[in-house]
Amino acid sequence: MLTFLARRFISSIPVVIAVLALCFLLVRIAPGSPFAAERALDARTKAVLETKYGLSGSLPEQLLRYGSRVLRGDLGDSLKFRGRTVAEIIGQSLPRSLLIGSISFTLALALGIPLGAYAAAQHRGKGDSFFNSLALLTLSTPTFVLAPVSVLVFAFGLKLLPPAGWGTPSQLILPAFCLAIPFIGAAARLTRAGLLDTLNSDFVRAARAKGVSEASLVYRHALRPAILPLVAYAGPLAANILTGSLVIEEVFAIPGIGQFFVNGVINRDVFLVSGVVLVYCFLLLLFNLMADWLTALLDPRIRLSS
Amino acid sequence: MIFRRVFPGLLGLSCLFFFSGCGSQPRADLVLCNGAEPQTLDPALVSGQLEGRICAALHEGLTRRDARGKSIPGAAQSWKISPDGKTYTFTLRPDMKWSNGDPVTAEDFRYSWVRALDPATASPYAEILFFIRGAEDFQAGRAPVAAVEVVAPDAGTLVVHLKNPVPFFLSLTSFTTYLPVHRATVEKHGDRWTRPEHWVGNGPYRLKAWRVNDRVCLEKNPAYHSPERIRLNRIDALAVTRASTAFNLYSSGQADVLLDKGLIPSLILPKLRGRPDFHPAPLFATYFYRFNVTRPPFDNPKIRRAFSLALNKEAVVDKMTRGGEPIALSLTPRGVPGYRPPEGPAQDEDTARALLRDAGFPNGQGFPRVSILYNKSELNEQVAVEVQAQWTRALGVQVELRNQEWATYLRSLDTLDFDIARSSWVGDYDDPLTFLDCFATGRGNNRTGWSDATYDHLLARAQAEANPASRFRLLEQAEEILVSRAMPILPIYHFVGCLMFDPGKLDGLLPNLLDEHPFAEIGPKGK
Amino acid sequence: MRLSRPAWLILGLLGVLVLAAIFGPVMSPYGVGEVSGNRLAPPDGQHWFGTDLHGRDLLTRLMYGARISLLVGLVGASISLLIGVAYGLVAGYLGGWADILMMRVVDVLYALPRIVLVIVLISLFDLKLKTLLDETFLAPFATHARLLLLFVGLGLVEWLTLARIVRAQVLTIKERPFVLSSRLIGQTTPVILFRQILPQILPIVTTYLTLALPAVILEESFLSFLGLGVQAPLASWGTLLADGASMLNPVATPWWLIVFPAVVLVGCLLLLNLLGDQLRRLDGHAER
C-alpha cells in the first residue's frame with residue numbers, strides 16, 4: 001500500500017510541474033497586459049511593474065524565475081489585487097469553497113446513488129423512465145438558469161432562505177443545492193448503469209440460480225462492483241466541486257476560489273491563476289488517488305501495483 | 001462506505017473555518033454594496049471609484065468632501081493662496097493623530113505625495129500630482145526628489161508650489177492620490193501595509209477586516225480629530241459584482257445601500273423611478289465612442305461627422321440605459337459652475353447622408369465594412385446593437401459588432417486596432433480639464449490617434465491663465481474643436497448615478513455630480 | 001435492427017428542430033438582428049415567442065440560434081470524438097512507455113482550466129484567421145472566424161475524458177482471446193485496431209457522444225457570456241438563455257425571454273440524451 005502511494009506521488013510530480021509551466025506560459029502569451037486598465041498606463045510605469053513582479057525579460061526567463069520561487073514555497077503576489085499574496089487570497093477563499101463543495105458532494109452522492117439504485121430496480125418500468133428523465137433534466141439545466149430561478153422561488157417567492165451572502169448556515173443551503181444538482185443526475189445515471197450491468201453478469205446469475213434473495217443480491221453482491229464507474233467519476237468530480245463555480249459564487253455572492261479560474265485569466269493575473277491551478281491540480285491528483293484506492297478495495301481483481 | 005467516514009470529517013473541518021471567521025459577528029450598523037472587490041486600499045495605487053470611497057473613510061486629506069461633494073477643510077484647518085494662484089500655504093489641525101497615536105505632520109503629506117510620484121511606487125494615477133511644480137520631472141526620472149516643490153517648513157505648515165494656477169486645487173487635495181499615508185508603517189511593511197493588522201490611517205474609520213471578495217469591515221476610529229462627527233460605529237462594504245445579486249441583497253434587507261447604478265439591474269430602472277428609495281442624479285462622466293483617425297474610413301473628418309449626425313442619441317438613452325441619462329452633445333457634462341460646454345451638432349440624417357455622398361459613398365455604396373469594438377458587458381452590447389441598427393438604417397453602411405474580453409479590448413484600444421470603440425470617462429475633479437486633457441497630443445488616454453496643434457495650444461494657454469473666466473473660455477474653444485469640428489469622438493450620453501437607500505431610515509447620502517458619498521456623513525435619520 | 005416507437009418519436013422531434021434551424025430563418029418575416037420599436041412585447045399573434053429588449057423577434061432568434069448551437073454541438077463533439085478515440089486507441093494498444101507518456105499528457109491538459117486554452121486560442125488567432133479568410137474565396141465567412149475557432153477550441157478541450165475511457169476499454173479488450181489470435185495469424189496493428197477493437201468500444205463511444213453534445217453546447221454559452229463566443233447580433237441558444245437569465249429579478253421579469261430558450265435548449269439536450277439511451281438499448285451490448 002505504502003509503496004503504491006509513494007510511487008503514485010512521485011509519478012505525479014512531473015504532471016504538476018508541466019501543468020504549472022503550461023498555465024504560466026499560456027496566460028503570458030495571451031494578448032493584453034495584466035497592468036492595463038481603462039485609464040492608460042505609461043510605458044515607464046508598466047516597465048517598473050514588470051520588473052517588480054519578475055515579468056520582464058524573455059518568457060523562459062520569467063518561467064524559471066517563477067518556478068524557482070514556487071520551489072521556495074512562494075506563490076507570488078496577485079497582479080490585480082496589488083499588495084496581496086496569492087497564498088493569502090487562496091488561504092481565505094479555499095476553505096469557503098471546500099465547505100460548500102463538501103456539502104454539495106455529499107448531497108450529489110447521497111441523493112444520486114439511491115435514485116440510481118431505485119431506477120435500476122424499476123428497470124424498464126415507469127419509475128425507471130421517470131427517474132431517468134429527471135436525471136437527464138438535472139444534467140441539461142445550466143447553472144446560470146438554475147441559480148437565479150431558485151433564488152426567485154426560495155428567497156422571494158417562498159421567503160424561506162436568504163437570497164445571497166455569506167456568514168450564516170442558512171446562506172449555504174441554496175448555493176450548495178444548485179452546485180450539487182447537475183451531479184445528482186450524473187451520479188444517478190452512473191449508479192443505474194453500473195447496477196444494470198452487474199445484475200446481468202454471470203456471477204449474479206449464478207447466485208440468483210442458487211436461490212439468493214433479490215434484496216441480498218442487490219445490496220450484498222451487486223452494489224460493490226456496480227459502484228465502480230461512479231468511484232472513477234467521483235475523483236475528478238470532487239476536485240471540481242470543491243473548487244467552486246464562477247456562476248454560483250457570483251449569483252450567491254460567495255467569496256470562494258472558483259471565480260479566480262476565470263477572472264484571473266481575464267485579468268491576466270498570471271500568478272493568481274497559476275496558484276489556483278496548482279491547488280486544483282493537487283486536489284485532482286489527491287482524489288484520483290483516493291478513487292484508485294477505493295476501486296482496489298471494492299474490486300478484488302485489481303491489484304494496486306498495476 | 002468510505003464516503004460516510006471521509007466526508008463528515010471534511011465537513012467538520014470546513015465548518016471550523018466557517019465559524020471562526022467574522023461570520024459569527026452581529027450585523028454592522030450599515031451594510032453597503034460597494035461594487036467589485038477593491039483592488040487595493042493603498043491611496044497611492046488606487047485607480048477606481050469604489051476603492052476611493054473606502055480610502056476616503058480611512059484617510060483624511062488636506063480637504064475632505066461633505067455629503068454634497070463640496071471640498072471643505074479636512075486635515076488642514078485653513079489655507080492661504082498667493083495672488084498669482086500658484087502657491088498654497090496650508091495650516092494643519094494641531095490635534096490630528098494617526099490611528100496609532102502618532103501626530104499627523106506636514107511632512108507626512110510631503111512624503112505621501114512624493115511616494116505616489118516615485119517611479120518605484122508605480123502609481124497608475126501619479127499624473128494627477130503633475131500640477132505641482134517639479135512633480136512631472138521627478139516622476140519621469142529627469143529631476144531629483146528635491147525638485148518637487150512641496151515644502152514643510154514646520155510640522156503644522158505645508159507649502160505647495162504649482163506649475164500653473166489651478167482653480168480646482170482644493171478639490172484635488174481631497175482626491176485619493178493626495179491622501180496621506182503613515183510613513184513608518186509603509187516603510188516597515190512595504191506592499192503589505194494595507195493589511196488590517198498593519199494598517200494605520202488618519203480618517204474617521206479604521207480598517208478592521210478585509211476579506212477577499214466578501215467585505216471590508218470598517219469601525220469608528222477613536223483617534224480621529226472630531227470623533228463626535230462619526231455617526232456609525234461599524235460599516236461593512238460588501239464586494240458584489242452582479243447587479244441582480246446586489247439588488248437581491250438590498251431587496252431582502254441584507255444591504256442598506258446600493259452605491260452604484262451598475263448594482264441595479266437596468267431592466268427594472270424604469271419601474272424604480274418614483275420609488276422613494278431610488279435616488280438618481282447626473283454624474284460627471286460621459287459614455288462615448290472613439291473613432292480611429294489613423295486609418296480609413298474614419299481618417300476622413302466628413303465620414304466621422306456623417307456617423308455622428310446619423311445617431312439618434314435619445315433613442316439610445318430611452319431604450320438602453322433607462323436611468324434618465326441626459327444625451328451628450330459635448331464631452332464635458334454640465335454642472336461645472338461658469339463653464340458652458342459647447343454643443344456639437346444635433347441629429348440630422350439628411351446632412352449625414354449628404355456628407356457620406358460627398359466622401360464618395362452615396363447611400364453607403366462601396367463603404368468598407370467597419371466594426372464597433374466593445375468589451376463584453378450587457379450594457380455595452382445593448383448600446384452597440386442599437387447604434388449599429390441606426391447607422392445601418394440611416395446611412396446604408398455595414399457595421400459589425402466586435403466584442404472582446406477585457407484585456408484584449410484594452411490592448412486593441414492601445415494599439416489602435418479598431419474602427420470605432422466604446423469608451424467612457426469619469427471626471428477626477430470638477431473641472432473640464434479632466435476630460436479635455438485626455439485628447440491632447442500623445443496622451444495615453446487619447447486612444448484615437450488624433451492630434452491637433454490648435455487644440456494643444458488652447459489647452460496650454462488655458463492652463464497658464466490665472467483668470468478663471470478667461471480660462472473657461474479657452475477650454476470651451478478647445479472643446480468646440482473636439483466635439484463640433486474634428487470629432488475624433490462621438491459623445492453619446494452622460495452617466496446618471498443611482499443610489500438606493502430608504503430615506504426614512506438613513507440620511508447624509510446626497511446625490512452629487514462627483515458621486516462622492518463620505519461614509520462618515522451617513523447615519524440613521526434624524527440622529 | 002429496428003427502432004422502437006419512442007426512438008422514432010425522439011428522432012421525429014429532433015428532425016423538426018433541425019428543419020426549423022434550416023428553413024425557419026428563411027421563412028420568418030423578421031431578421032435575426034432586426035430591431036423594432038415593439039420592445040419587450042409578450043407573446044402574441046405577431047411575435048409568437050415575444051420580443052426582446054431591442055424589439056427583436058425571439059422565435060426568429062431561436063431558430064438562428066439553433067443553427068449555431070447544433071453546429072457547435074455537432075462539430076465540437078465530433079472533433080473531440082475523433083481525437084479522443086484515436087488517442088485512446090493508440091495509447092491503449094501501444095501500452096508501455098508510450099501509454100504512460102500519452103496519459104500523462106492527458107493528465108496535464110485535464111488539470112488546466114479550459115478557459116485558459118480557449119482564451120489564448122481565440123484571442124491569438126481571431127484576427128489572423130479573419131484576415132486570412134478575407135483574402136480567399138471564403139471572404140463571406142470572415143465575419144464568422146471567431147465562431148470557427150470556437151468550434152475547434154471546444155472540440156480540442158472536450159476529448160480528454162473520452163481518451164481515458166477508450167484507453168481503459170482497449171486495455172481489457174486487447175488481452176481477449178480473439179485479439180490475441182488475430183495477432184498470432186499476423187494481422188497488422190491498424191487492422192487489429194480498426195477491425196477488432198474499434199467495434200468493441202463503439203457502444204461506450206455513442207453514450208459518451210450524447211454526454212459530450214450537451215456539455216459542448218453549454219460550454220459555448222458560457223464562453224459567449226465572457227465575450228469569447230458568438231458575436232452579436234447573432235445568438236446561440238445558450239446566449240439567449242443567459243441573456244434571459246440575467247433579467248431575472250424580484251420586481252418584474254419578462255418570463256418569455258427565459259422560458260422559451262430554456263424549453264428549447266433543455267428540451268433538445270433531453271432529446272439527445274434520450275436518443276443516446278435508445279441507441280444503447282438497441283445495441284443490446286451495454287445492457288446485456
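Strands and sheet

Analyst: In strand 7 of chain B, B:Leu158 is the residue that stands opposite B:Phe90. This is a predicted model, in which local features need pLDDT of at least 70 and side-chain atom pairs count only at pLDDT 80 or more, while totals for chains, interfaces and linings use all residues. Residues are numbered from 1 along each chain as its sequence is written, and chains are lettered from A, and ligands numbered from 1, in the order in which they are written.

User: How do you know that strand 5 and strand 7 of chain B are joined?

Analyst: Strands pair if DSSP finds at least two bridges between them, and strand 5 (residues 87–92) and strand 7 (residues 157–161) of chain B share five bridges and run antiparallel. The strands themselves are DSSP runs (E, at least two residues; helices are H or I, at least four), numbered from the N terminus.

User: What makes strand 4 and strand 6 of chain B edge strands?

Analyst: Four strands of chain B form an open sheet, antiparallel in its pairing, in the order 4-5-7-6. Strand 4 (76–81) and strand 6 (150–154) of chain B each pair on one side only, and they are the edge strands. From one strand to the next the twist averages 20 degrees. Helix 3 (residues 106–117) of chain B packs on this sheet and touches strand 5, strand 6 and strand 7 of chain B, its direction making about 160 degrees with that of strand 6 of chain B.

User: What makes B:Pro204 a buried residue?

Analyst: B:Pro204 has 26 other C-beta atoms within 10 Å, and therefore it is buried. This residue lies in the loop between helix 6 (183–189) and strand 8 (205–211) of chain B. Two residues are in contact if their C-beta atoms lie within 7 Å, and, leaving aside neighbours within four places in sequence, the partners of B:Pro204 include B:Ala57, B:Tyr224 and B:Ala520.

User: How do you know which helices of chain A and chain C pack, and at what angle?

Analyst: Angles run from 0 to 180 degrees between N-to-C directions, and axes are lines fitted to C-alpha atoms, for helices over the stretch in contact. Helix 4 (residues 86–121) and helix 7 (residues 170–199) of chain A pack at about 35 degrees with axes 6 Å apart. Their crossing is right-handed, a word used when the near helix is turned clockwise from the far one by less than a right angle, with left-handed for anticlockwise. In chain C, the axes of helix 2 (residues 58–94) and helix 3 (residues 96–111) come within 7 Å and cross at roughly 145 degrees. Among the residues making that contact are C:Tyr87 of helix 2 and C:Asp99 of helix 3 of chain C.

User: Why is the contact of helix 2 with helix 3 of chain C divided into nonpolar, polar and charged residues?

Analyst: Ala, Val, Leu, Ile, Met, Phe, Trp, Tyr, Cys and Pro count as nonpolar, Asp, Glu, Lys and Arg as charged, and the others, Gly among them, as polar. By that rule this contact has six nonpolar, two polar and one charged residues.

User: What makes up the largest nonpolar core?

Analyst: A nonpolar core is a set of buried Ala, Val, Leu, Ile, Met, Phe, Trp, Tyr and Cys residues joined through C-beta atoms within 7 Å. The largest has 339 residues, and those with the most contacts inside it are B:Cys33 and B:Leu258. Helix 7 of chain A gives its largest share, 17 residues.

User: How many residues of chain B are in contact with chain A?

Analyst: On the side of chain B there are 45 residues, in contact with 46 residues of chain A. Helix 1 of chain B gives the most to that side, with nine residues.

Key. Buried ≥ 20, exposed ≤ 12 C-beta atoms within 10 Å, placed from the backbone.
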